[in-house]
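Hi,

Here is the structure I promised to hand over.

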Amino acid sequence: MITALPDPAALAAAVSGRDRLALAQALNLLDDRRSAARQCAAAFLDALPAEKLDGAGHLIGITGPPGAGKSSLTAALIQVWRRRGLKVAILAVDPSSPITGGALLGDRLRMHASGADREVFIRSLACRGEFGGLSAEVWPMSLTMLAAFDIVLVETVGVGQKEIDVSKMTDTTCFVAQPASGDSIQFLKAGIMEIPHVIVVNKEDIGLAARKTLSELRITLRRQMDPEGWQVPALSASAALGSGIEALADALQAHRDWLTAHGQFSARRQRCQAEWLVKHLREEFGRYGMNLLGGDEALFAALAEVPRRSPIVEYETLRARVLQGFQQQVRKL
Amino acid sequence: MTTPIKRDKPWLMRTYSGHSSAKASNELYRTNLSKGQTGLSVAFDLPTQTGYDADHPLARGEVGKVGVPICNIGDMEALFDQIPLGQMNTSMTINATAAWLLALYVATAERQGASPLQLQGTTQNDILKEYLSRGTYIFPPTPSVRLTTDIISYTVKNIPKWNPTNICSYHLQEAGATPTQELAYALSTAIAVLDAVRDSGQISADGFEQVVGRISFFVNAGIRFIEETCKMRAFGEMWDQMTQERYGVQSEEMRRFRYGVQVNSLGLTEAQPENNVQRIVLEMLGVSLSKNARARAIQLPAWNEALGLPRPWDQQWALRMQQVLVFETDLLEYGDIFDGSPVIAAKVKALVDGAAAEMARVQEQGGMVQAIEAGYVKRQLVSSHTERMRAIERGDLRIVGLNCYKETEESPLTGGKDSGIMKVDPRAEREQIERLEAFRAKRNGTEVKAALANLAETARSGANIMPASILCAHAGVTTGEWSQTLRDIFGEYRAPTGIDIPANDDSRGVRAVAIRTQVTKTGVELGRPLRLLIGKPGLDGHSNGAEQIAVKGRDVGFEIVYEGIRLTPEQIAKAALEEGVHLIGLSVLSGSHIEMVEDVFDQLSKVGLRHMPVVIGGIIPENDARMLKDKGIAAVYTPKDIDMNGIMVDILNLIRQAHDLEPVAVA
Ligand code: B12
Ligand SMILES: Nc1nc2c(ncn2[C@@H]2O[C@H](COP(=O)(O)OP(=O)(O)OP(=O)(O)O)[C@@H](O)[C@H]2O)c(=O)[nH]1
Ligand SMILES: [Mg+2]
């Protein structure tokens with residue numbers, strides 16, 4: 001027996017019904033590279049309740065340099081959310097060893113605050129290779145978790161200071177800045193860093209350095225606006241002391257409210273899925289492959305209509321088209 | 001006519017002991033004292049050390065197992081029944097709950113009619129090494145260090161003959177530290193503690209010399225006994241210089257490096273355990289040969305250290321080793337026999353220089369507390385231990401009977417019907433709970449409440465914790481209540497695991513690569529990379545084995561989930577489910593493996609994962625190993641299984657077997 005594949009519809013129903021074992025199995029399925037499993041996964045996603053994936057819950061990304069305190073802040077946020085009666089799922093992406101391919105999934109330890117709480121579900125993922133501090137499975141897994149939880153939070157690998165790809169695949173992205181490291185500010189100023197929706201300077205307990213970083217950030221941000229018109233707040237907090245966490249949770253919620261108020265919420269989720277598809281295809285086939293599909297712009301336009309439940313189906317379709325294109329090119333040679 | 005030879009006074013001889021109940025331990029202590037032991041060294045059970053009462057769910061399987069359970073003053077009085085505390089010298093290995101156990105000790109002494117001025121002994125009270133090795137911490141570092149400084153300030157003023165803290169390098173060596181690391185981290189810890197006492201404002205400037213003079217150390221002595229001799233001389237030199245330069249201590253007396261020892265146990269083997277006797281004796285030389293760097297107190301492990309808990313006879317044998325050295329040899333008749341040796345001086349200098357450099361790295365990070373919180377120190381220890389394990393596995397570090405000269409006759413030592421170890425009476429836990437319930441029923445509830453409210457108030461205000469704790473002791477507060485009150489205020493902590501170290505050179509070796517290839521292949525066959533959960537259920541803090549298995553697993557290509565020590569079986573099952581692992585590996589060294597395995601299986605059934613393969617490693621006697629397999633454990637590993645690559649292949653094949661795949665062979 002090589003783990004029999006589950007019935008996709010039954011699995012989707014169980015996940016929506018918040019069955020924890022089913023959710024774990026679904027995540028395993030979405031991780032499974034075998035082709036039968038991929039088909040099953042596609043059918044599973046398709047069977048998830050569309051309204052949850054399109055309009056419900058809050059999908060949050062948390063990113064920032066290594067050791068800034070992403071996991072510690074997550075732990076603190078979990079407590080606040082739980083007090084507010086929200087159910088929380090986490091996808092924690094950890095680096096894997098470039099040499100051995102093995103990985104130590106350590107974020108979970110830092111998030112331990114969740115103890116034995118059944119309304120908190122943490123899945124770690126190894127960043128197997130690139131994907132800008134994420135992992136290709138993040139999007140389908142996030143969707144799955146949205147079917148059962150109020151908040152889904154994705155912690156990225158502590159990537160460099162300017163890549164925050166996660167911001168393209170979440171409703172709201174929070175950047176955790178390290179006090180006294182001017183780099184993120186420089187990148188923001190120079191406009192080479194994707195602008196997050198909320199910036200938080202962690203470790204305010206250490207004092208002066210944190211306050212300085214915060215005020216520099218605020219000055220920089222006054223000149224920078226989110227292209228859609230959201231005014232990015234910069235806050236400070238301390239995961240260690242638990243200070244500033246309520247305010248951080250409020251700021252994240254405020255961005256979600258803003259998206260809804262401006263009628264952008266659903267469009268944003270749509271865009272996230274397109275970003276994931278394009279990124280995933282680019283990882284696999286490079287620029288050459290993208291050109292075979294008519295280039296990024298055309299692709300995004302075409303993807304604006306794909307339903308949220310079908311990312312894998314769509315991916316496989318596009319993948320087939322690229323492969324076909326390759327074959328035609330080869331035949332020409 | 002011959003003049004009688006002038007001999008130095010022997011050091012204090014102790015045996016670290018305690019088990020089952022206060023009453024049973026009291027009997028043991030009195031027997032030991034009658035055999036010529038000159039001080040007491042109390043081993044507490046894990047619930048007492050981590051602040052839980054015997055009836056707390058987390059205490060299950062651990063009550064009275066590796067030490068004596070002390071839940072309240074009733075137990076403490078029973079422990080020292082007919083032992084006059086005014087005259088005794090008692091060492092208590094207690095850390096997170098040190099203030100509480102000292103309060104119980106003081107209250108017991110008061111009830112015996114002794115004055116605090118008479119009390120002599122030691123509370124280990126070194127919390128920082130708990131985060132690095134020993135594992136019985138509760139609160140985060142900052143409030144923990146405050147409790148440490150409270151004890152120091154209080155005893156210096158009120159119990160002047162007490163050693164309020166024993167800065168420990170012992171446990172660092174047991175977690176893999178090199179001599180240089182031992183020196184550097186112990187002295188950095190001393191700096192953190194002394195700075196904290198100074199900054200707390202509880203001690204006047206002219207009283208500070210007194211504080212420095214009361215600091216003592218608890219050191220390890222490994223098998224490389226010449227180097228260990230040099231390490232002890234280096235400790236003395238560095239301490240003298242540090243206390244003079246950093247703290248301006250004028251009196252030479254107050255700058256003296258005072259230390260006690262337990263010799264190395266990490267190197268004591270399960271294979272041919274009789275060889276441990278030679279090791280223990282040689283290790284004792286490292287801390288006794290050089291008069292100017294001689295230990296003040298020594299306790300020795302027993303020959304059967306790696307098999308399980310020692311019986312009274314095993315402990316007696318260890319005590320006799322000291323007595324033979326002290327009373328039969330001429331060791332105590334000479335001055336220092338190393339002074340003036342250039343060989344020794346050069347080695348000492350090398351150690352001092354190395355340690356000073358490492359201390360500077362710690363200070364650069366803001367000091368020992370910060371370096372621990374950042375995970376730096378723990379990573380250094382795990383790296384050193386990994387080096388050691390790999391050297392043993394390769395055979396470069398030779399250990400007689402373990403990786404060379406393995407052929408042996410049958411041992412008459414392990415044959416008996418107790419298999420050569422002590423078995424704690426399984427009724428001990430039940431009986432302790434009954435005693436605790438009876439005690440609770442008898443006490444005055446209003447008084448208890450008031451004492452706890454006062455404790456909480458003191459904890460919040462920042463006033464010294466000791467007077468409020470002594471009040472609690474007299475009022476009949478329990479260990480669990482005292483600790484929970486502080487947990488609510490200070491919060492709880494999980495220390496960094498230190499396993500996030502770079503891949504070792506051996507992970508590029510032929511065998512590792514071959515295993516990795518198979519691990520990856522199986523991952524492809526099963527659709528996704530293979531995942532292991534390494535779990536430490538219960539209160540057991542022995543993390544070395546789990547850490548080494550985790551690092552090795554990563555190095556051969558597994559994805560590893562490891563959340564550190566002290567998880568409940570429920571948390572382990574939860575993590576196994578959420579993380580979608582292929583196999584669970586448990587590590588239990590404290591002796592509670594049967595209870596833990598039963599509980600983990602129960603919890604796995606509850607979450608629907610009872611079919612998952614589970615292996616276990618640790619101190620597991622052969623009979624128990626069979627029992628565990630009957631319960632459904634797939635494989636059992638013990639200290640003699642040093643072929644870590646082999647363990648990885650087993651694990652791979654267990655996963656394959658669970659998915660109906662043929663096993664693979666890796667040459
Ligand atoms: C080192 C050590 C310590 C260190 C631990 C440092 C650390 N962070 O790990 C220190 C000094 C802190 C310590 C403290 C104590 N110790 Co201690 N300690 C030992 C010692 C000497 C060696 C253990 C060790 O680390 N070996 C090296 C590692 C790599 O080996 P290992 O864990 O056995 O792992 C191997 C296999 O077992 C297997 N394995 C282990 N786990 C796993 C998991 C998986 C998944 C797999 C596949 C394999 C596997 O693989 C490894 C490879 O060979 C043993 C005796 C001995 N020589 O074995 C006593 C021993 C375990 N300690 C003991 C005791 C009682 C204590 C204390 C509780 C004493 C007290 N009352 O305070 C304290 C408290 C600790 C606590 N918080 O729980 C007892 C336990 C008695 C029992 N089981 O009946 C022992 C047996 C000594 C004795 N005879 O009294 N200890
Ligand atoms: N002083 C202080 N230290 C903190 C705070 N939050 C986190 N830390 C410490 O910072 C270190 C890193 O914290 P993590 O939460 O693991 O940071 P991270 O960003 O998730 O790290 P990676 O996932 O490894 O990139 C740990 O040693 C924490 O104890 C804080 O608010 N104050
Ligand atoms: Mg993290």
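**Helix packing**

In chain A, helix α1 (residues 8–16) and helix α3 (residues 35–47) cross at roughly 45 degrees, and their axes come within 8 Å. That makes α1(A) oblique to α3(A). Their crossing is right-handed.

Before going on, the ground rules. This is a predicted model, in which local features need pLDDT of at least 70 and side-chain atom pairs count only at pLDDT 80 or more, while totals for chains, interfaces and linings use all residues. Residues are numbered from 1 along each chain as its sequence is written, chains are lettered from A and ligands numbered from 1 in the order in which they are written, and side-chain values use heavy atoms, with hydrogens and water left out.

Terms for the helices:
- Helices (H or I, at least four residues) and strands (E, at least two) are DSSP runs, numbered from the N terminus.
- Axes are lines fitted to C-alpha atoms, for helices over the stretch in contact; angles run from 0 to 180 degrees between N-to-C directions.
- Under 35 degrees is roughly parallel, over 145 roughly antiparallel, 65 to 115 roughly perpendicular, and the rest oblique.
- A crossing is right-handed if the near helix is turned clockwise from the far one by less than a right angle, left-handed if anticlockwise.

Chain B has a packed pair too: helix α10 (residues 225–245) and helix α13 (residues 342–364), at an angle of about 55 degrees with axes 8 Å apart. α10(B) is therefore oblique to α13(B). This crossing is right-handed.

**Ligand 1**

There are 42 residues around ligand 1 (a heavy atom within 4 Å). B:Arg134, B:Glu305, B:Gly308, B:Gly541 and B:His542 come nearest. Polar contacts here are pairs of N or O atoms within 3.5 Å; within protein, one must be able to donate a hydrogen and the other to accept it, and residues adjacent in sequence count only if both atoms are side-chain atoms. A ligand nitrogen is 2.7 Å from a polar backbone atom of B:Ser133. A nitrogen of ligand 1 is also 2.8 Å from a side-chain N or O atom of B:His542. Domain 1 (12–394) and domain 2 (505–658) of chain B both give residues to the shell, so ligand 1 lies between them; the bounds come from an automatic or database domain assignment.

**Ligand 2**

Ligand 2 lies between chains A and B. Among the 21 residues around it, A:Lys70, A:Ser71, A:Ser72, A:Asp205 and A:Ala239 come nearest. A backbone N or O atom of A:Ser71 is 2.8 Å from a ligand oxygen. For the side chain of A:Lys203, an N or O atom is 3.1 Å from an oxygen of ligand 2.

Best wishes
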